[in-house]
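Dear colleague,

Please find below the structure that I am handing over to you. I would be grateful if you would look through it before reading the notes that come after it.

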Amino acid sequence: MKDRFQLKSNYTPRGDQPSAIENLVDGFRSSDIKQVLLGVTGSGKTFTVANVVQELQVPTLVIAPNKTLAGQLFSEFSELFPENAVEFFVSYYDYYQPEAYLPSSDTYIEKDARINEKIDRMRNRATVSLLHRRDVIVVASVSCIYGLGDPENYRSLALELAVGAEQERSDLLRGLVRTQHRRAEHDFRPGSFRVRGNSIEIWPIQEEDKIFSVELSEGKVESILSCDPLSGEIFDELERVNIFPVGHYVQPEEKLPRALVSIRKEMQEGVANLLKKGRGLEAERLQRRVLADMEEMEELGLCHGIENYARHLEGRAPGQPPFTLLNYFPKDFLCVMDESHVTLPQLYGMVKGDTSRKKNLIRHGFRLPSALDNRPLAEPEFEGLLQRALYVSATPSAREINLANQKVVEQIVRPTGLLEPKCEVRPALGQVEDAIFECKVEVGKGNRILVTTLTKRSSEDLTEFLQENGLKARYLHSDIDTLERAALLRDLRIGVFDILVGINLLREGLDLPEVSLVLVLDADKEGFLRSETSLTQTCGRAARNLDGRVVFYADKKTKSILATLEESSRRRAIQEEHNLKHGITPKSIRKGIASLLGEESESAEVSVDFEDLNSLRTRLNSLKKEMLSAAASLDFEKAIKLRDEVRRLEALELDLVS
């Protein structure tokens, strides 16, 4: 049935999944609008969430704490719901330097950014899907709580074309320009259009390989064809189509004059206030800047930094929250916060940093006070938009448990029968020598090892010491760039080296089934890296291997260590009882190495073909030019092959910029 979720999987819920699904669905259908799913590593939390979505049949927003996890979830939900709209919404910046002013050195830093076209296209596809269907899952990062523009404006500006409807050619061209589509006879790409006599070819911003060819005759739409942009192959004949704006801040013509009046009034008040304080330089700066922006808006309908005037353009009152991706959802949507113990603090902390930076700009005449209203949502505003919320984590914090009124659904039993890794505490004295011994034992078995330290220097020194003792080891910390980081994880899995040393290897969602041993050095040094949550997450890195073990090196058992040991023992006992009762033999998780990069195994090897991300992008741009040149020369076979290669590299780039 159209607009209904259709879950496709060869697996059925097992272990704790059936009871978790039933309890969550019953809770959402009754009075429990916010719940916590406490699911251990490897218990199939994503599959449980997919089944909940299938039962509830409501649009769903899944928020992940970073792009890497978002990409992994997007891939998993796309496989589970191949016939539905699974969309991706993360920050579209490959590079972003926010506008700022440093009074101490009188330094103004202009906003500088590089937008990833592929992610921009996916963001637009997400909002388009939300506005015309209900079977939508959007996997997003925390960028979903940033201002996005009024969804009603976005909807109202869509060009509605229907076969047989009256449509003047000049009006259609004017409408396309008004919605920020660019006329491009040669450099034809998403978000542009070209004219071929009475035929207008439109490449919607959200489409990757589909354009619409609109044929006009005697002031009417004669036909609408869906075509391949390179070969011209006709996919389908359509009766109607909606062409949405290229950006989310495009404004209806009738709203712009009112907004400009409001902006001018605030500018005059701001200038007067600065002059009253004897700050003539700041007053002159503010007036000059705002007048220049207003002139651009009058001429073009937008300006650089138009989002800072969003309150006026959208007609919001001072202090009123901005429109975000959440406003594009219907009111009955489900919000799933993956790894909620990390995601929630990120969500709630965004607005404070944004406000602090903008207050400096306002104080020194670079922005109007209304710029403060172009911001991320604050905690009460975000929570107020949620009718249904599911907080998912192996280590939920007190915050989400309180938000859910203590409604916690546990998913402890793994379908694979795998037990929690065995944990033991050993003296910190002589920890390096003991670690070397343990590493040699595991390497002899063909397994991999993770070692966590407390500083970058210690991780580098330990790696060097392990290498001097004949062990193949590498280190991983924040100074390692994204491309090399992905290659390191892949090389660990395929056995190029056996031991990975790092500071924070507890990364949620980091799946390394080959790791059988995790060594935690200086485990008794209480702090963020040795808290109960961090230690429990670290233990989870060995939870996908049948022989998984964790060794804490500590001279004393801290509260965090004791709590981690107690919780691990509790979970292990529950799994053992389930296995015994149902005659289950535990099995290690098997996962393709390709999954780290979101590509098949041959694509994973591509990472070694490029020295860095810039070289990958250089190759990508070169291939795009070759593709367009081949299409222009009517060599469609070559163009299609080049397009396939472009897509492969774009997928790799998308994973590596996270």
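This is a predicted model: local features need pLDDT of at least 70, side-chain atom pairs count only at pLDDT 80 or more; totals for chains, interfaces and linings use all residues.

Residues are numbered from 1 along each chain as its sequence is written, and side-chain values use heavy atoms, with hydrogens and water left out.

**Sheets**

Helices (H or I, at least four residues) and strands (E, at least two) are DSSP runs, numbered from the N terminus. Two strands pair if DSSP finds at least two bridges between them.

Strand 1 (residues 34-39) runs parallel to strand 19 and is joined to it by 4 bridges; L37 stands opposite V409 in strand 19.

A second open sheet has 6 strands in the order 10-11-12-13-14-15, with mixed pairing. Here the edge strands are strand 10 (182-183) and strand 15 (234-238), each pairing on one side only. Strand 10 and strand 11 (residues 192-196) run parallel and are joined by 2 bridges. The bridge partner of R183 in strand 11 is F193.

**An aromatic pair**

Rings of Phe, Tyr and Trp (its six-membered ring) pair if their centres lie within 6.5 Å; planes under 30 degrees apart count as stacked, over 60 as edge-to-face and the rest as tilted. The count by this rule is 9 aromatic pairs. One of them is the tilted pair of Y101 and F366, with 5.0 Å from centre to centre and 40° between the planes. Y101 lies in strand 5 (residues 100-102) and F366 in the loop between helix 10 (340-363) and helix 11 (379-384), so the pair ties together parts that are 265 residues apart in sequence.

**Cavities**

A cavity is a set of points, on a 1 Å grid over the protein atoms alone, where a 1.4 Å probe fits but cannot get out; lining residues have an atom within 4 Å of a point. Grid points are joined across faces, edges and corners, and a volume is the space filled by probe spheres set on the points.

The structure holds 5 cavities of 30 Å³ or more. The largest has a volume of about 60 Å³, and its lining includes V40, R414 and E420. Helix 16 (residues 532-540) gives the most to this lining, with 4 residues.

The second largest cavity has about 50 Å³ of space. Among its lining residues are K45, F77 and D338. Helix 2 gives the most to the lining of the second largest cavity, with 3 residues.

Terms used:
On a 1 Å grid over the protein atoms alone, a cavity is a set of points where a 1.4 Å probe fits but cannot get out, and a pocket is an open set with protein on both sides within 12 Å along at least five of seven lines; lining residues have an atom within 4 Å of a point.
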